Amino acid sequence: MIGRELYFKFMAKKSAKLVSQDEFKEHFRTGQLIDLRESDVYRASHILGARNLPYSTFKQSYVGLRKDRPVLLYDQSKTMSVRIANFLRKQGYTDIYILKEGFAGWTGKVKHK
């Protein structure tokens, strides 16, 4: 368990910036806000303005993301976000942010079903 946590911490630092809600919100206007949770969970509730690209199909659908704009990632905690950030880094994306607390800790505006 400790090894896994250290691995994710290392990968997160290498691939993206883990940021607080306030820092995350600072990039909303210029960034691409991506919810990595599955579609049914996204439809029930998500951060206002987020686009759903589920983790399970992300590698087939990420091509619409622009490399010249920040990519803002979140999921329920942050595990999937770290994996996707690492994938995007390998694809040449350089400006990637992960919501540190994940959706579970989000207190900002949300859209409900």
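Trainee: What does D95 count as, going by its relative accessibility?

Mentor: The general idea is a pair of cut-offs: buried means under 20% relative accessible area, exposed means over 50%, and partly exposed lies in between (1.4 Å probe, protein chains only). D95 has 24% relative accessibility, so it counts as partly exposed. Before we go on, a word on the ground rules. This is a predicted model, in which local features need pLDDT of at least 70 and side-chain atom pairs count only at pLDDT 80 or more, while totals for chains, interfaces and linings use all residues. Residues are numbered from 1 along each chain as its sequence is written, and side-chain values use heavy atoms, with hydrogens and water left out.

Trainee: Thanks! Which residue forms a salt bridge with D95?

Mentor: A salt bridge here is a side-chain nitrogen of Lys or Arg within 4 Å of a carboxyl oxygen of Asp or Glu. The partner of D95 is K17, and their closest N and O atoms are 3.6 Å apart. K17 lies in strand β1 and D95 in the loop between α5 and β6, so the pair ties together parts that are 78 residues apart in sequence. K17 is partly exposed too, because its relative accessible area is 39%.

Trainee: How many salt bridges does the count come to by this rule?

Mentor: The count comes to three. D35 and R37 meet through their side chains at 2.7 Å, N to O. Here D35 is buried because its relative accessibility is 0%, and R37 is buried as well, at 4%. D68 and R66 form another salt bridge, with the closest N and O atoms 2.8 Å apart. In that pair D68 is exposed, at 56% relative accessible area, whereas R66 is partly exposed, at 41%.

Trainee: You mentioned strands and helices. How many of each are there in the protein?

Mentor: Helices (H or I, at least four residues) and strands (E, at least two) are DSSP runs, numbered from the N terminus. On that basis the protein has five helices and seven strands. Along the sequence they follow the pattern α-β-α-β-α-β-β-α-β-α-β-β.

Trainee: In what order do the strands of the open sheet stand?

Mentor: Two strands pair if DSSP finds at least two bridges between them. Five strands make up an open sheet in the order β1-β6-β5-β2-β4, and the pairing is parallel. β1 and β4 (51-52) are at the edges with a single partner strand each, so one side of each is left without a neighbour in the sheet.

Trainee: How many bridges join β1 to β6, and how many join β5 to β6?

Mentor: Three bridges join strand β1 (residues 17-19) to β6, and three join strand β5 (residues 71-74) to β6.

Trainee: Are the faces of strand β6 covered or open?

Mentor: Both faces of β6 (residues 96-99) are covered: I96 and I98 on one side, and Y97 and L99 on the other, are all buried. Take I96, which counts as buried because its relative accessibility is 0%.

Trainee: Which residues does I96 touch?

Mentor: Contact means heavy atoms within 4.5 Å. Not counting residues up to four places away in sequence, I96 touches S15, A16, K17, V71, L73, A85, L88 and R89. One of those, K17, is also the salt-bridge partner of D95.

Trainee: And where is H27 found, and which residues is it in contact with?

Mentor: H27 is in the loop between α2 (21-26) and β2 (32-35). Its relative accessible area is 18%, so H27 is buried. Leaving aside neighbours within four places in sequence, H27 is in contact with P70, L72 and Y97.

Trainee: What share of the protein's residues count as buried?

Mentor: Of its 113 residues, 42% count as buried. As for contacts with a separation of 6 or more, residues 24 or more positions apart account for 69% of them.
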